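Me: I'm new to this one and would like to learn how to read it. Could you walk me through it, one feature at a time?

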Amino acid sequence: MTSEDAAEKILVLDFGGQYDQLIARRVRDQHVYAEIKDYRRITAKEIKNSGYAGIIFTGGPASVYAPGSPSFDPTIFDLGIPILGICYGVQLMAYLSGATVASAEEGEYGSTEVTVTPNALFAGVPETSRCFMSHKDRIVSLPVGFEVIAHTDSCPIAALANDEKKLYGVQFHPEVEHTEYGGKILNNFLYGICGCTSRWQMDDFISESVAKYSEELRGRKVLLALSGGVDSSVTAALLSRAVGSGLNMVFVDHGMMRKDEGDYVESVFKDHYGAHFIRVNAADRFLGKLKGVTDPEKKRKIIGEEFIRVFEEEALKLGRIDVLAQGTIYPDVVESGKGGADTIKSHHNVGGLPENIAFGSIVEPLRDLFKDEVRKVGSMLGLPDELVRRQPFPGPGLAVRVSGEITEDKLKILKEADAIFRQEVDKAGVDYPDQYFAVLTDTKSVGVKGDSRAYGATVALRAVSTDDFMTAEWTRLPYEVLAAASRRIADEIPEVTRVVYDITSKPPATVEWE
């Protein structure tokens, strides 16, 4: 950010919400720079002196009236900086302004019809539209100086405004796809209320990151934990610009990759990076550690620790390694829990990391980006489309797609089922889901094979469409594609007697099963 861009900055004040980075990302989509600050690590005075054009209060899991709940200095409302409160953020705005917030008899969750009244925040928004709600508490009384500007059937104060002080709040989430006019509402706040102009571009992220890591990592050797997926591949391309030959890539094949995945990763990166690419075959080691383990969180943490131990051993072979680099992206951070946010599931590269790590530091250049932003960066860095558009694959691999204990036999079944499903989707030439895969459940069912009774495994197929992986819709694949995949899986894999299709969106489900 240059001095002339100071008025373009938007502060996302984080109160522990799951969607804080999604809010910042939506602001960046509008070509306005946004930065996130923990409410505990910045003061109203610092905010005043930082030249922010606007402030957004995030959501959060707490109740504003509960002892110890996240709060802030109420003098922030007198700084003359426009503020938009979202979910917990609007409740906090109202509560600190003297209103009453209480638990409602019924919460609102999911898609909800909202009715708005004319206001600068809702300029160009129809009187009725769909929004995404996720709250149990609600504002009971209106603060002095505010007016109600939206309501739903069960939420009389779904949005409020104090035009004089430029304070606005919405109970729903304009940052998620399910809010029909969410982008328009944010655009109105940024340009109509905060007075921003469009300057910031994704190119700035690349130039700023290369400059940052060129300086921070000068003279230091870096080991990149390479999975071969989109995230770690883009990290490799970005850091190679910054540190050149100081970057060493270690690919750990833990035996839970997709069919032929390990060989594919090696062929792509060995050809491009040569001696700076190292493949470690550690399937027996990982399966040994996972023997008898059925709890999903425990599996993730075991895998996370074992990855680190393998990287430490490889670092010793390479000589002095100062830094561990990872392809962590923001959905990993959010789901693993941060600040006051709830932990949904620990990702092997975030919540799954052991406490003791034999590296001086860890760098994660993509930590503040979402999947589609990562793909944009990859394309800008010149990575081939085949790699940039690859299907996402979790670091723990098929371990989070096998229910119960991980065994070689289960992995063999799942690898074949997953390959068949992906082949049928690819063959059909349909609009690609953003992620599609098979899951080996721990449910068995009766079937008939070769005129004889069979009692075998149930495979679940999963396909979702999304642009950020914070929310996702299950994909309506053609019946013909599902039928072909089901028929082949049941016919070609003796151990499988039933195939089902997962039609759960995120939320309430996550994309992966474990």
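Me: Let's begin with a single residue. Is Glu-416 buried or exposed, or partly exposed?

Reply: Keep in mind that this is a predicted model. The idea is to look at relative accessibility: under 20% is buried, over 50% is exposed, and anything in between is partly exposed. Glu-416 has 31% relative accessibility, so it counts as partly exposed.

Me: Which residue does Glu-416 form a salt bridge with?

Reply: For a salt bridge, look for a side-chain nitrogen of Lys or Arg within 4 Å of a carboxyl oxygen of Asp or Glu. Here the partner is Lys-259, with the closest N and O atoms 3.3 Å apart. That pair links distant parts of the chain: Glu-416 sits in helix H13 (residues 408-428), while Lys-259 is in the loop between strand S11 (247-253) and helix H7 (261-273), 157 residues apart. Lys-259 is partly exposed too, as its relative accessible area is 35%.

Me: How many salt bridges does a search of the whole structure find?

Reply: The search turns up 28. One of them pairs Asp-78 with Lys-165, and their closest N and O atoms are 3.1 Å apart. Asp-78 is in the loop between strands S3 (54-57) and S4 (83-86), and Lys-165 is in the loop between strands S8 (159-162) and S9 (167-170), so this pair ties together parts 87 residues apart in sequence. Asp-78 counts as exposed because its relative accessibility is 55%, while Lys-165, at 38%, counts as partly exposed.

Me: What about Arg-367 and Glu-364?

Reply: Their side chains meet in a salt bridge at 2.4 Å, N to O. Glu-364 has 14% relative accessibility, so it counts as buried, whereas Arg-367, at 32%, is partly exposed. Salt bridges can also share partners, and that is how Arg-25, Arg-26, Asp-29 and Asp-372 are joined into one network.

Me: Now zoom out. How many helices and strands are there?

Reply: There are 14 helices and 18 strands. The radius of gyration is 25 Å, close to the 24 Å the globule rule gives for 514 residues, so the protein is as compact as a globular protein of that length. Of those 514 residues, 57% count as buried.

How values were computed. Residues are numbered from 1 along each chain as its sequence is written. This is a predicted model: local features need pLDDT of at least 70, side-chain atom pairs count only at pLDDT 80 or more; totals for chains, interfaces and linings use all residues. Side-chain values use heavy atoms; hydrogens and water are left out. Helices (H or I, at least four residues) and strands (E, at least two) are DSSP runs, numbered from the N terminus. The radius of gyration is taken over C-alpha atoms; the globule rule is 2.2 Å times the number of residues to the power 0.38. Buried means under 20% relative accessible area, exposed over 50%, partly exposed in between (1.4 Å probe, protein chains only).
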